[in-house]
Amino acid sequence: MNTLTKRFMPISLAILLACMVFQLSGCATTSAHPRDRQSIAGKTYVITGASSGLGRGVAMELAANGANVVLAARRTAVLEEVAAQARAAGGTPLVVTTDVSNADDVQSLAQETVARFGRIDVWINNAAVGAIGPFWDIPLDDQAKLIDINLKGVIYGSHAALHQFRAQGFGTLVNIGSVDSEVPHAYQASYSASKAAVLSLGRTLNEELRLSGNKNITVATVMPWAVDTPFWTHTANYSGRSPTFPLMDDPQKVVDAIIGISLHPKEELAVGWKAKASYAGHHIMPDVTERFTGNVAHKSEIETGPPAPPTSGALYEPMPSGTTVSGGMRERSSNRASQGRKNERDTAQENARPARDQQ
Ligand SMILES: NC(=O)c1ccc[n+]([C@@H]2O[C@H](COP(=O)([O-])OP(=O)(O)OC[C@H]3O[C@@H](n4cnc5c(N)ncnc54)[C@H](OP(=O)(O)O)[C@@H]3O)[C@@H](O)[C@H]2O)c1
């Protein structure tokens, strides 16, 4: 542990704990109550990034409650599999193969949805890819492609959704940001920048909607903490290590929050106590929170984790792996930890043996 970490750790923890208590007492995570779910039936939801992780989880949950789910991503075969499950669960799915970094694809997504279902109640801009590593080691092309997907893709989706919402007079746009929208994340510079821009976009659009008298249209930004999804398999990675992150959240918690906010729109939602504490901590003491977060990122993404070769992940082409809602990261980390403890025990026994043998 370096001097900086030692100096800031206790104070940061105290602040984050205080913020946590404040946040937890002030507002619970928005999540869909079973009663609310009745109002999902018959609604039309567009979900980008529906082939894995949070998007797939949201799509399945909505389908099980009778929604028309429009499934968008690049992996058509995987979307067809999600659609089959959605149909079996009682939903009415439509698959539209979409690359969100292509404005024409996103336009077609909106048109095909309206042609099939007549309206769009909720549009969820969820598709994104990460890029981990020191800023100067991540190729410029990868950083540009990340912005094409994570920011331009959200702008294309927001534009298409708001055109339809204004024509029909209502609608909810849910943009998936991240706790990184508020608190910069060292070694994920372009990703953090893209997510900060998504938050700023939502705030700006809400002002324009207010000023133009569109009372029944809301833009919500959801900001999760690190979540155990295939995101960590799909991310571009130039850190030299397999990513690990402490205290990852269960995807179901975020799925519930996304569905909750689609039914009870509000401008911003940090999901769960860790995201809430970081968000509040950053408002109260930005420098301390940034240093604390940076130190945690350095430890978890640069210093620990098994070695890994450089990869552009799913930035340019979708990857065949990682099609489930959960990413299995927590299980792998816990297996690594117990293997590490076993190795330590074995080494200690091995070291003790010659001493015993000499007696
Ligand atoms: N997991 C976390 O720790 C975490 C934390 C905070 C926020 N988030 C956010 O949560 C959202 C969902 O991510 P996830 O965790 O569920 O990861 P994920 O499992 O990797 O899901 C990402 C989805 O985006 C799609 N996608 C990627 N590039 C695309 C493109 N160019 N066009 C269309 N679809 C594309 C992927 O499908 P295809 O490859 O089939 O196109 C996939 O369905 C993202 O916005 C992410 O930034 C995640």
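## Terms and Overview

The model described here is predicted. Its chain contains eleven helices and nine strands. Of the 359 residues in the chain, 47% are buried. Among contacts with a separation of 6 or more, 77% join residues 24 or more positions apart.

Tyr187 has a phi near 70 degrees, which is a positive value in a residue other than glycine. Most residues other than glycine have a negative phi. Tyr187 counts as buried because 23 other C-beta atoms lie within 10 Å, and the cut-off for a buried residue is 20 or more.

Helix α3 covers residues 76-88, 13 residues in total. From its first C-alpha to its last, α3 reaches 18 Å, close to the 18 Å expected at 1.5 Å a residue. Its buried residues are Val78, Leu79, Val82, Ala83 and Ala86. Seen down the axis of α3, these residues fall within an arc of 145 degrees, so they line one face of the helix.

The buried residues of α3 pack against α2 (53-64), β2 (68-73) and β3 (92-97). On the other side of the helix, Ala77, Ala84 and Ala88 are exposed. Just after α3 comes Gly90, with a positive phi of about 110 degrees.

Helix α2 has twelve residues and a reach of 17 Å from its first C-alpha to its last, close to the 16 Å expected at 1.5 Å a residue. This helix is mostly covered, since eleven of its twelve residues are buried. Among the buried residues are Gly53, Arg56, Ala59 and Glu61. Gly66 follows α2 and has a positive phi, near 85 degrees.

Around the ligand there are 33 residues, of which Gly49, Gly53, Arg74, Ala128 and Phe231 come nearest. The most is given by α2, with three residues. By class, the shell has 17 nonpolar, 13 polar and three charged residues.

In soluble globular proteins, nonpolar side chains tend to be buried together. The largest nonpolar core of this chain has 84 residues, and those touching the most other members are Ile47, Ala59, Val69, Leu71, Val222 and Ile258. Helix α5 (residues 140-168) gives the most to this core, with eight residues.

Which residues are in contact with Ala59, leaving aside its neighbours within four places in sequence? They are Ile47, Ala50, Val69, Leu71, Val82 and Ala86. Val82 and Ala86 are also among the buried residues of α3.

## Ile261 in Helix α8

Ile261 is located in helix α8, which spans residues 251-263. Is Ile261 buried or exposed? It is buried, because 26 other C-beta atoms lie within 10 Å, where 20 or more are required. The C-alpha atoms of Ile261 and Thr221 are separated by 9.0 Å, although these residues are 40 residues apart along the chain.

Methods. Residues numbered from 1 in each chain as written. Predicted model: local features only at pLDDT ≥ 70, side-chain atom pairs only at ≥ 80, totals over all residues. Helix = DSSP H or I, 4+ residues; strand = E, 2+ residues; numbered from the N terminus. Expected span 1.5 Å × (residues − 1). Arc of directions from axis to C-beta. Contact = placed C-beta atoms within 7 Å. Near = placed C-beta within 6 Å. Nonpolar A, V, L, I, M, F, W, Y, C, P; charged D, E, K, R; others polar. Core = buried A, V, L, I, M, F, W, Y, C linked by C-beta atoms within 7 Å.
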